[in-house]
Amino acid sequence: MDAIADRAFQEKQHNVSQDETPSLLAVVIDTNPLEWTKLKGVICLKELCKSVLVLLNAHLSLNSGNRVAVLTSSSLNSGPKFLYPDPNDKTYEKRESLLSSDIHRQFKFVDQKIIQELQILLDNEPLNPENQELKGSIAGAMSMALSYINRLTNIEPESTGNTLRAKMLVISISDDSTQQYVPFMNCIFSAQKMKVSIDVCKMGPDSSFLQQASDVTNGVYMLIKNVHGLIQYLTTALFIDPSLRPIMVLPTNSDLDFRASCFVTNKVIDIGYVCSVCLCIFSIIPRNNVCPTCQSKFDDAVVKKLRQKPIVIPLQKKKKLEDGVQRT
Amino acid sequence: MNDSDDDYLEVDEGIEENDLSFDKKGVARRTRKENQKQKTTANIALKGSNGGYSWEDEYHRSWDIVQEDEAGSLEGIVTGIMEAHKKRFLKNVTPFQRGIIRSMVLVIDFSKVMSEKDLRPNRAALTISNAIEFVNNFFDQNPISQLGIVLMRNGIATLVSEVSGNPNNHVEALRSIRRLEPTGDPSLQNAFEMARGLLLHTPSHSTREILMIFGALFTSDPGDIHTTIDSLVKEKIRVKIIGLTAQVAICKEICRRTNYGDDTLYAVILNEGHFKDLLLDAVTPLAISKSAQVEMRGFTLIKAGFPTRISEAIPSFCACHSKLIHGGYICPGCKSKVCMLPTVCPCCNLMLILSTHLARSYHHLFPLKLFQEVPLAESYISTNCFSCLTEFPQGMSESERSNSDNRAKKEFHTSSRYQCPDCNKHFCVDCDVFVHDVLHNCPGCGC
């Protein structure tokens with residue numbers, strides 16, 4: 001990667017092997033109902049939930065100080081939401097236990113909460129989704145997760161003295177939405193600044209935004225083809241502790257498409273023009289020499305220069321000296 | 001030192017400010033001035049709480065400001081400090097047209113005065129460590145910009161690192177000058193002339209800026225500095241100066257003339273924290289002023305290439321440094337390999353950037369709206385911060401609030417809730433600071 005992106009992660013960590021700092025795992029689950037219907041027959045939310053619970057329990061069992069947070073991204077009824085921890089812990093009524101009573105207490109507490117909250121979320125979904133607008137997005141949920149990570153890793157240690165590392169796992173099934181580009185990028189850069197790596201578990205279509213997210217933050221991006229092995233993926237490739245990252249070879253792809261897309265024609269381009277005011281990218285010089293996004297007027301002389309086509313200058317005939325007489 | 005401050009100018013206009021050699025005479029003038037006008041011409045802003053100059057005030061120790069409340073808790077004062085920190089962000093958020101692509105020369109005073117120990121451990125050491133931080137911040141927020149560093153030492157200007165877009169080189173160069181001893185006099189003119197030379201070749205779409213950290217109160221110049229100022233104005237180079245000692249009239253004039261009559265870019269530090277804040281301000285791109293826009297014929301369009309990254313099993317040479325490296329980026333114009341971005345293709349002169357570099361600057365262009373403090377009420381719609389789940393203090397009635405137990409506690413004088421004007425969600429002060437300082441997204445709006 002480039003110099004800027006690398007700097008945050010290349011600082012050498014000492015005593016990596018003895019490091020026992022607990023870590024926080026924030027999981028963002030894409031719950032876009034419209035996208036889940038597209039995956040019908042491949043995987044359902046229930047199966048995903050099962051695998052995620054295994055992952056969370058595994059994370060909690062590694063270190064007694066480890067913590068988890070689970071968020072849902074979007075639904076027709078409510079926007080990004082925390083499944084665990086629950087802010088309204090005091091008011092919630094005890095439901096019938098869905099889990100076996102033999103389970104480890106810490107696991108039980110987390111698992112039950114997540115299942116219940118997810119059930120409430122699904123119960124509140126309207127039955128006929130027409131005319132309903134989807135609320136929330138992955139970027140919103142990631143912003144929330146980052147604020148929560150910021151509280152636990154930067155603000156609370158000031159008073160308690162307990163340090164915590166953090167990583168984020170995004171389980172996404174939906175396609176990229178260009179509207180979300182700016183908030184998404186802001187999330188990626190703040191994660192990079194906070195040294196939070198973003199791992200991505202992707203099902204369905206490939207996502208270039210999430211690929212960039214994991215690339216910039218030194219995370220792992222996995223497009224999962226075989227959903228039956230989901231547990232395996234989650235507990236191996238996507239389960240590398242932040243303290244182990246510097247010494248592991250990450251299973252990620254390094255051939256990444258960084259090409260930008262044109263704001264006007266939406267074509268992916270190699271060489272383009274950038275407005276110096278709003279940094280929009282164009283594949284063609286915009287009409288009337290006015291930026292379509294920020295309405296800035298471009299300098300005519302500069303545009304004229306850019307419009308110039310390369311000219312092939314005709315080869316000049318070699319001047320020959322024949323019998324002392326110069327021929328032209 | 002010479003007295004080239006504001007008060008002095010008001011009495012004796014027409015005398016050259018960079019006239020150094022009349023120390024004795026200067027003292028005499030100052031006395032005369034005091035007789036004539038007493039303190040009537042003194043700047044009101046300099047007045048302290050007792051009506052005199054602020055330096056005549058009683059000295060407040062930092063540990064005297066912190067006082068325990070009746071219950072012996074420091075919580076009240078801590079919230080107060082947090083709120084004060086938050087105030088820093090209550091700045092202008094109206095979107096401006098800004099010069100996002102910048103070329104800047106950082107000029108650092110390294111003359112004898114920089115070895116003074118009024119800043120810990122001394123001025124030079126603190127300046128260098130702040131400058132390193134500044135370089136990192138600058139490239140973090142302005143990835144497609146260029147920076148160069150110049151040192152003022154022994155009456156001449158010394159080039160520390162060439163104008164380039166690679167933060168590592170600058171940080172290395174700054175680390176290497178840590179070993180140097182600050183000596184000699186500073187020369188504003190020499191420094192500006194060198195900076196001018198460095199900025200001469202910057203393309204028209206880029207801003208030209210000089211950021212100077214100036215510790216001395218004088219300058220020893222080989223010629224007339226006003227001609228240098230004239231050429232700076234002509235070449236549209238904008239100068240920001242951070243003074244470490246006191247205000248110097250010539251610095252103020254330079255800032256005023258190079259910034260279209262706006263002298264707010266000249267500031268003198270109050271303490272170490274303020275020094276950092278002033279440097280941090282310089283990280284944000286300058287807004288393009290109205291008068292500058294009128295002069296311009298229009299904005300420029302930049303041709304840029306978005307290269308693809310390759311990974312190789314066998315290393316090959318890069319076109320930029322001629323080093324053997326694994327992988328790199330392929331210029332879409334001429335298919336040569338470069339090892340680091342952003343850069344200008346050494347082969348075909350095409351500007352090579354990644355779309356992520358552009359995205360880093362977007363938050364300057366679309367700033368997040370400020371959150372408003374929720375007024376005190378008996379009950380609130382929220383119990384927890386929307387994004388980090390911190391519990392808010394509960395609302396209470398007027399009678400409860402005036403209860404003697406609660407009156408002293410500061411937390412009952414604010415609602416501790418901050419509301420996003422778009423999504424109306426409530427946030428705690430920590431999240432408010434984080435969201436505006438780092439994230440630049442409102443988690444509630446979700447987009």
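Chain A holds an open sheet of six strands in the order 3-2-1-4-5-6, with mixed pairing; strands here are DSSP runs of E with at least two residues, numbered from the N terminus, and two of them pair if DSSP finds at least two bridges between them. Its edge strands, each pairing on one side only, are strand 3 (81–84) and strand 6 (221–223) of chain A. On average, neighbouring strands of this sheet are turned by 20 degrees against each other, direction ignored; axes are lines fitted to C-alpha atoms, for helices over the stretch in contact, and angles run from 0 to 180 degrees between N-to-C directions.

This is a predicted model, where local features need pLDDT of at least 70, side-chain atom pairs count only at pLDDT 80 or more, and totals for chains, interfaces and linings use all residues. Residues are numbered from 1 along each chain as its sequence is written, chains are lettered from A and ligands numbered from 1 in the order in which they are written, and side-chain values use heavy atoms, leaving out hydrogens and water.

Back in the sheet, strand 1 (residues 23–29) and strand 2 (residues 67–72) of chain A pair in the parallel sense over six bridges. Within strand 2 of chain A, A:Arg67 stands opposite A:Leu24. Helix 4 (residues 105–123) of chain A packs on the sheet and touches strand 2 and strand 3 of chain A, contact being heavy atoms within 4.5 Å and a helix a DSSP run of H or I with at least four residues. The direction of helix 4 makes about 145 degrees with that of strand 3 of chain A.

| Domain of chain B | Residues |
|---|---|
| domain 1 | 97–287 |
| domain 2 | 304–356 |
| domain 3 | 372–438 |

The C-alpha centres of domain 1 and domain 2 of chain B lie 31 Å apart.

Conventions. Domain bounds come from an automatic or database domain assignment.
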